[in-house]
Amino acid sequence: MLLVNDLIDLDPGQKKGRVSSILAKGKPYWNESESFRYHWLLEIMAQAAATVCGALRGSDHGAPAPGFLLSIREWALLQRPPLVPGDAMLAEVTIETEMDALSQASITLEYQGETVARSMMSFYQETRGSVS
């Protein structure tokens, strides 16, 4: 269920990155009448954070490391733009803390230059060479 499309840029020194997500037709965030279900922004943000964290740890951009969301420490839906298939979202991710395979990230999600949502999430993501 990959909901992110591309790692746009990465700043290892600041532990930051930006990830794009194109809202594609047929993904689970649309209801039967093609209306966007806004709680899915959380999953887009979580996948963006995992993408940036994995890239900072040196994994291949196209090979996400296994992991899962541990907690959502903060969540704010600031607006509900009328999203349609083909719209582009931009996630800006900052990795705030890391300890082995555990990380905490702050994420903002933008649509057409406006901040739509922000969150602080903690997650587990296997590091390169770790054993499950």
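**Note on the core, the aromatic cluster and a surface patch**

1. Phe68 is partly exposed, at a relative accessible area of 49% (buried is under 20%, exposed over 50%, partly exposed in between; 1.4 Å probe, protein chains only). Phe68 belongs to strand S3, residues 67-77 (strands, E, at least two residues, and helices, H or I, at least four, are DSSP runs numbered from the N terminus).

2. This is a predicted model, in which local features need pLDDT of at least 70, side-chain atom pairs count only at pLDDT 80 or more, and totals for chains, interfaces and linings use all residues. Residues are numbered from 1 along each chain as its sequence is written, and side-chain values use heavy atoms, with hydrogens and water left out.

3. The largest nonpolar core holds 33 residues, and Phe36 and Leu41 have the most contacts inside it (such a core is a set of buried Ala, Val, Leu, Ile, Met, Phe, Trp, Tyr and Cys residues joined through side-chain atoms within 4.5 Å). Helix H1 (41-56) and strands S4 (88-99), S5 (102-111) and S6 (114-125) each supply at least two residues of this core. H1 gives the largest share, ten residues.

4. Five aromatic pairs are found in the whole structure (ring centres of Phe, Tyr and Trp, the latter by its six-membered ring, within 6.5 Å; planes under 30 degrees apart are stacked, over 60 edge-to-face, the rest tilted). Tyr29 and Trp30 have ring centres 5.5 Å apart and planes at 70 degrees, so this pair is edge-to-face. Phe36 and Tyr38 also pair edge-to-face, at 5.1 Å centre to centre and 70 degrees.

5. Tyr29, Trp30, Phe36 and Tyr38 make up one aromatic cluster. Phe36 is buried, with a relative accessible area of 7%.
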